[in-house]
Amino acid sequence: MKIAIVNGPNLNLTGHRQTEIYGTETFENYIPKLRQMFPQHEIGYFQSNVEGELINALHKCKQEGCMVLLNAGGYSHTSVALRDAVAALDLPVIEIHMSQVAAREEFRRTSFIGAACVGSIAGFGLDSYRLGILALESLSE
C-alpha cells in the first residue's frame, strides 16, 4: 500500500517546539522508525508551512493513489481550501494530531479538515502516525 504522510505548518519543528506537548523526538528521526515498523508499505513524507503546497501534495496523492495521513497543524482549524482538497481525493484520508486538541484551546476543538476525513487520531504524540497506518490497514482489508 502507498501511504503519504502530509504534515502542515510548524511540524518541521517537532522535537524542538513545545516539547511538553509534542515530545523531544524529531520527525526526521521518527520517519525511518515508522518505515521500519511497516516495511510492507511505501511510506512517503511531505511537510510544508505553505497552504498551497499542502494542497498540491494532496492532489499528487490523488494522482498516485496514495492513502493519506494528514496533520494539517493549525490549518486544520482554519482552512476551507485544504478541506476541499481532502474531499476531492476519493481515497482514505485520516486526520492526525499529535496533541489532544480537544483538551487544548477552544479554537483547536473545531476541525474543518476532520469532516472530510474517514477518521481522526489525536493525542498520542508521534505514535498517532503508527496508529494511523494501522487504521489505514484496517480500511484496506
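Against which strands and helix do the buried residues of α5 pack? In this predicted model, local features need pLDDT of at least 70 and side-chain atom pairs count only at pLDDT 80 or more, whereas totals for chains, interfaces and linings use all residues. Residues are numbered from 1 along each chain as its sequence is written, and side-chain values use heavy atoms, with hydrogens and water left out.

The buried residues of α5 pack against β1, α2, β2, β3, β4 and β5, where contact means heavy atoms within 4.5 Å. Helices (H or I, at least four residues) and strands (E, at least two) are DSSP runs numbered from the N terminus. The buried set of α5 consists of S128, Y129, G132, I133, L136 and E137; buried denotes under 20% relative accessible area, exposed over 50%, and partly exposed the range in between (1.4 Å probe, protein chains only). Helix α5 comprises 14 residues (127–140), for which 1.5 Å a residue gives a span of 20 Å, and its end C-alpha atoms are 20 Å apart, in agreement. The expected span of a helix is 1.5 Å times one less than its number of residues.

Five strands form an open sheet with parallel pairing, in the order β2-β1-β3-β4-β5. Its edges are β2 (42–47) and β5 (119–122), each of which pairs on one side only, and the twist from one strand to the next averages 20°. Two strands are taken to pair if DSSP finds at least two bridges between them. Strands β3 (residues 67–71) and β4 (residues 93–97) are joined in the parallel sense over three bridges, with V68 opposite V93 in β4.

Helix α3 (residues 51–64) packs on the sheet, touching β1, β2 and β3, and its direction makes about 175° with that of β1. Helix α2 lies across β1 (2–7) and β2, running at about 165° to β2. Axes are lines fitted to C-alpha atoms, for helices over the stretch in contact, and angles run from 0 to 180 degrees between N-to-C directions. Within α2 (residues 27–37) is E28, which counts as partly exposed at 45% relative accessibility. The C-alpha atoms of E28 and Y45 are 9.9 Å apart, with a sequence separation of 17 residues.

A search of the whole structure finds zero disulfides, a disulfide being a pair of cysteine sulfur atoms within 2.5 Å. For C66, the nearest cysteine sulfur is that of C61, 4.9 Å away; C66 is buried, at 5% relative accessibility. For C117, the nearest cysteine sulfur is that of C61, 12 Å away, and C117 is buried with a relative accessible area of 12%.
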